[in-house]
Amino acid sequence: MVTALDIKKKALELGADLVGIGDIRLFEGTTPQHDPKMILPKATCVIGCAFRVPRALYQTMHDQVQYLNYAQLGVRLIDEEVSEIFPLRLGAMVEDAGYDACVQRNVSNLMVKGDKSTNPEVFDTYELKYAEAVAPGKPAPDVILDVAQAARICGLGAIGDSGHVLAKELGPYVRFVFIITDMPLECDPPFEGTLCDHCGKCIASCPGHAISKEGLDTWQCAVYYKGAHETNPFMHDDFLKGSAEREKILSGEKRFDSESARTLYPQESFLPTEPMRGYMPALCGKACDYACYHHLKETGRL
Ligand code: SF4
Ligand code: SF4
């Protein structure tokens, strides 16, 4: 019989940095579009695995000497490659024991129907607004897990004021994959509270003023993640040349919504190459997460 300990041992062997198992009952009340039981109705638990993003990749952006390795190795590689091979291999262990393993990777460029936010890491996102439920009681496809909720229920971490999950041991330098399964496994307690102490350093560090007491404005973030600010080392005089709003945009004073952000995107061409497979370099240096990580270290929470 395969136990929770066996699954955790295998996950760590296969390269996960953290693993936790969340009780499916704790997802009760979740919006159907994010509900793991809508994906696997007989599910008993969710296996959550966290992968570190090397801290040096944030340091090189902070030092303004290198940006592309974060986008390609810290984001795309983990989400597109590690997060595909890893859960398939761990899922095989679950299947061999006679249970189902519904493997879940980060879906970077799709938003469930009704989700009007965006993911700044990719060039643009698409809301599945034309999807329709095929029968009463079913949600419109695709159902996509809420990563922050699943990470919390699996006991791995919880969201901070930055709008990003702060994981135990890893802080904001982390990415996740999940397996929804009907395997009867001993579950971990959910993550209690959050590592965030509301210090405000993520708010102060964002060049686009995308974080406030109300949370993260993903459209504002997307514009400044892509580089529309004074501290972007690739900034050039031709950017918004002649626009009456240039200074207001560069200083982070202008507020963007989905329409105005998308209008600006084509002009945010700061590098001579197209974004590789749609993943944008973080020309803000992920200043919010850098500030947060160092604050958590200095205050002894990591
Ligand atoms: S920087 Fe401070 S306020 Fe922001 S998420 Fe981290 S701990 Fe919370
Ligand atoms: S620092 Fe970058 S990633 Fe963080 S909120 Fe601002 S634009 Fe977004």
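How many residues does helix α4 have, and how far does α4 reach from its first C-alpha to its last? Helix α4, residues 68-96, has 29 residues and reaches 39 Å, close to the 42 Å expected at 1.5 Å a residue. That expected span is 1.5 Å times one less than the number of residues, and helices here are DSSP runs of H or I with at least four residues, strands runs of E with at least two, numbered from the N terminus. This is a predicted model, in which local features need pLDDT of at least 70, side-chain atom pairs count only at pLDDT 80 or more, and totals for chains, interfaces and linings use all residues. Residues are numbered from 1 along each chain as its sequence is written, while chains are lettered from A and ligands numbered from 1 in the order in which they are written.

Just after α4, Gly98 takes a positive phi of about 100 degrees.

Now turn to ligand 1. Which residues come nearest to ligand 1? Of the 13 around it, these are Gly160, Cys196, Cys199, Cys202 and Cys292 (a residue counts when its C-beta atom, placed from the backbone, lies within 6 Å). Because domain 1 (4-181) and domain 2 (201-298) both give residues to the shell, ligand 1 lies between them; the domain bounds come from an automatic or database domain assignment.
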